[in-house]
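Hello,

Please find the structure below, for your files. My notes on it follow.

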Amino acid sequence: MSTRDLSALLAEGVKGRRVLVRSDLNVPLQDGAVADDARIRASLPTLSRLATAGARVIVVSHLGRPGGERRPELSLAPVAQALGEALGRKVAFCHDCIGPEAEAAVAGLGEGDVLLLENLRFHAGETRNDPGFARALASLADDYVNDAFGTAHRAHASTAGVVPLLARAAAGDLLASELEHLEIVRKPKRPFVCLLGGAKVSDKLAALETLAARADVLCIGGAMAYTFLRAQGHATGASLVEPDRLEAARQILAAAEGSGRRILLPVDHVVAERPAPGPSRTVREIPDGWLGVDIGPETARAYAAACAAASTLFWNGPMGIFEIEAFAVGTRAVAEAVAESPARSVVGGGDSLAAVRAAGVGDRITHLSTGGGAALDYLQGIELPGLVALGRSA
Ligand code: ADP
Ligand code: MG
């Protein structure tokens, strides 16, 4: 295996070669149809260039978390149909990603043909990076292209194990574009403003520590804000607080003290009795029995002002339980503020992207990253196994 980018692979020639492409076609499905085709569209340039150059294109992806079992509702079959329409080429589909059926489907491919194989995670060997499973996948192809940035932080068979088993390996156009755009936040122009939200401190503790140390202003929202507020001694009612992260939160706050860097926490809150549609109100101190479900209007204005003054912006994680319309106001305000800002802006994370789309502001954001966890790891300088396999280091 030796590594290059897609243009170099195409220049060397792929005509007639069987090329295994690890795409990220992990799209939301609704009633058996593709509900949002953003990831399909993002995958097209690489697939189209390979097919046009006469490769036999074998596409693999995961969909959801079937846990190593065949789960019909997580089949990629509807995605094959949508991919074919978007690509303007027929996309064949095979009901398994390894074994005799897959081998026969690959043998039937002509130059420029595209085949999508069934959900990799129907086999437990995928996420376990099982060598036998990797060999079975590798036996289908000659060369390898990784275009799945969203899973590059996982050492799975299709992102890592398979790579050294194939003759040539390349980074696809989407993967390359992600890395290029993430340089905006790896080498930020200042002021560098970060907005971090979502469910848990523990999910993103390392990212919080890194961004708190790098950002000129770090705005914290979502459920993770309440652990910080509790750490400062504020009442948090029934909000999601992680008691075993209070000390970490204290340390992050203490490290920012006197450093010239600022950490902003919510000063007002939308609270509810349950994390479900129902009565809610806006408060400055959270009453007993109530939980914070969104940042309040004053907080949203403060975060928007920070965005307006930024030269570089990074946002990951909604500011509240945005799936519920009444608790999505703060998240929408932040989405609009990121879009309004003259800063170069990067937004990453599945839920954050959904919020950006719901606000209709995607086209005013410099880069929408297809990888949440992968982007956070990459920004911290953590080696991503999928990139290491391609011979790239952080
Ligand atoms: P992303 O997918 O963009 O990385 P996360 O998955 O980390 O974002 O976080 C999104 C989740 O955080 C959403 O399901 C949202 O409901 C939840 N969340 C945000 N704020 C709160 C809150 N105050 N209480 C409970 N959950 C919250
Ligand atoms: Mg999420």
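Domain bounds here come from an automatic or database domain assignment. On that basis the protein is divided into domain 1 (3-174) and domain 2 (181-379).

Two remarks on conventions. This is a predicted model, in which local features need pLDDT of at least 70 and side-chain atom pairs count only at pLDDT 80 or more, while totals for chains, interfaces and linings use all residues. Residues are numbered from 1 along each chain as its sequence is written, chains are lettered from A and ligands numbered from 1 in the order in which they are written, and side-chain values use heavy atoms, with hydrogens and water left out.

Domain interface

The C-alpha centres of domain 1 and domain 2 are 34 Å apart. Contact (heavy atoms within 4.5 Å) involves seven residues of domain 1 and nine residues of domain 2. Between them an area of about 670 Å² is buried, 63% of it from carbon and sulfur atoms; buried area is the accessible area (1.4 Å probe) that two parts lose on being put together, summed over both. Of the area that domain 1 buries against domain 2, 66% is supplied by Arg39, Phe149 and His153, more than by any other three residues.

Salt bridges

A salt bridge is a side-chain nitrogen of Lys or Arg within 4 Å of a carboxyl oxygen of Asp or Glu. The structure holds 20 of them, and one is found across the interface of domain 1 and domain 2. Arg357 and Asp36 form a salt bridge at 2.9 Å, N to O. Another joins Asp143 and Arg17, with an N to O distance of 2.9 Å. Asp143 is in strand β8 (residues 143-146) and Arg17 in the loop between α1 (6-12) and β2 (18-22), so this pair links parts of the chain 126 residues apart, where helices (H or I, at least four residues) and strands (E, at least two) are DSSP runs, numbered from the N terminus.

Helix packing

The axes of helix α2 (residues 38-52) and helix α3 (residues 77-87) come within 10 Å and cross at roughly 65°; axes are lines fitted to C-alpha atoms, for helices over the stretch in contact, and angles run from 0 to 180 degrees between N-to-C directions. Ile40, Leu44, Leu47 and Ser48 of α2 make the contact with Val79, Ala82, Leu83, Ala86 and Leu87 of α3.

Backbone

Arg190 and Pro191 are joined by a cis peptide bond, with omega about 5°. Pro191 sits in the loop between α8 (173-186) and β10 (192-196).

Regards
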